[in-house]
Amino acid sequence: MVVLVAAESSEREGLLAFLEAHRGAVRRSVHGLTEEQARATPSASSLSLGGLLKHVTTCEQHWIESILTGRELPQQPWEDQHRLLDGESVAGWLKQYEAVAAETERVIRALPDLEVDAALPEAPWFPPNSRRTARWILTHLCTEVARHAGHADIIRESLDGSTALALVAAVERDRA
């Protein structure tokens with residue numbers, strides 16, 4: 001029942017596998033919840049599981065599709081990027097996360113190598129004229145999603161007592 005990332009066959013495959021494992025933890029955190037539960041903020045933080053799901057989805061899409069490939073993407077105001085808005089649902093964001101993950105895999109596998117780099121946008125938190133490689137971006141995404149998967153574990157356990165391993169078992173049971 002332990003979730004263990006397969007041994008890597010290459011650096012690219014290893015980074016993609018770890019990113020997918022962290023995505024799985026976030027997806028499991030909303031398994032079996034009602035929309036009301038997914039919007040709840042049961043800890044001292046204002047984070048909800050639905051908001052975390054939305055954030056990791058848009059964060060990955062931003063880094064891969066906007067920064068790495070240079071596509072223009074619409075942006076929501078900062079305060080709306082971490083919560084589900086009216087008309088948004090967990091099911092909708094899970095579907096979007098699946099599409100974003102597929103696009104990340106497509107983009108990364110199409111690169112000649114992980115040394116391909118991209119300019120970071122102008123922002124107060126980035127040094128001027130900064131660039132980052134695809135390797136750095138994938139590593140950053142692994143860190144970002146893993147960090148929020150930990151937040152999701154705490155929020156989920158606060159909601160209904162479900163732990164990460166219990167959720168792994170529940171997902172496996174529901175797949176059978």
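## Ser-48 and its surroundings

Beyond its neighbours within four places in sequence, Ser-48 is in contact with Ala-38, Arg-39, Ala-40, Thr-41 and Ile-155. The structure is a predicted model, and Ser-48 lies in its loop between helix H2 (35-39) and helix H3 (49-68).

Ser-48 has a relative accessibility of 4% and therefore counts as buried, the cut-off being under 20%. The side chain of Ser-48 also reaches the backbone nitrogen of Gly-51, at a distance of 2.9 Å.

## Packing of H1 against H3

The axes of helices H1 and H3 come within 9 Å and cross at roughly 155°. This angle makes H1 roughly antiparallel to H3, because angles over 145 degrees are classed in that way. The crossing of the two helices, H1 and H3, is left-handed.

On the H1 side, the contact is made by Leu-19, Arg-23, Val-26 and Ser-29. On the H3 side, Leu-49, Leu-53, Val-56 and Glu-60 take part. An α-helix has 3.6 residues a turn, so residues three or four places apart point the same way.

## Helix H6

Helix H6 comprises twelve residues, 164-175. At 1.5 Å a residue, H6 should span 16 Å, and its end C-alpha atoms are 17 Å apart, which agrees.

The buried residues of H6 are Leu-167, Val-168, Ala-169, Ala-170 and Val-171. Among the elements that cover these buried residues of H6 are helix H1 (11-29) and helix H5 (134-160).

## Arg-131 in strand E2

Arg-131 belongs to strand E2, which covers residues 131-133. With a relative accessible area of 44%, Arg-131 is partly exposed, a class that lies between the cut-offs of 20% and 50%.

Leaving aside neighbours within four places in sequence, Arg-131 is in contact with Asp-117, Ala-118, Ala-119 and Leu-120. With Asp-117 there is a polar contact between the two side chains, at 2.9 Å. Arg-131 and Ile-67 are 64 residues apart along the chain, and their C-alpha atoms are separated by 9.7 Å.

Methods:
Residues are numbered from 1 along each chain as its sequence is written. This is a predicted model: local features need pLDDT of at least 70, side-chain atom pairs count only at pLDDT 80 or more; totals for chains, interfaces and linings use all residues. Side-chain values use heavy atoms; hydrogens and water are left out. Helices (H or I, at least four residues) and strands (E, at least two) are DSSP runs, numbered from the N terminus. The expected span of a helix is 1.5 Å times one less than its number of residues. Buried means under 20% relative accessible area, exposed over 50%, partly exposed in between (1.4 Å probe, protein chains only). Contact means heavy atoms within 4.5 Å. A polar contact is a pair of N or O atoms within 3.5 Å; within protein, one must be able to donate a hydrogen and the other to accept it, and residues adjacent in sequence count only if both atoms are side-chain atoms. Axes are lines fitted to C-alpha atoms, for helices over the stretch in contact, and angles run from 0 to 180 degrees between N-to-C directions. Angles under 35 degrees count as roughly parallel, over 145 as roughly antiparallel, 65 to 115 as roughly perpendicular and the rest as oblique. A crossing is left-handed if the near helix is turned anticlockwise from the far one by less than a right angle, and right-handed if clockwise.
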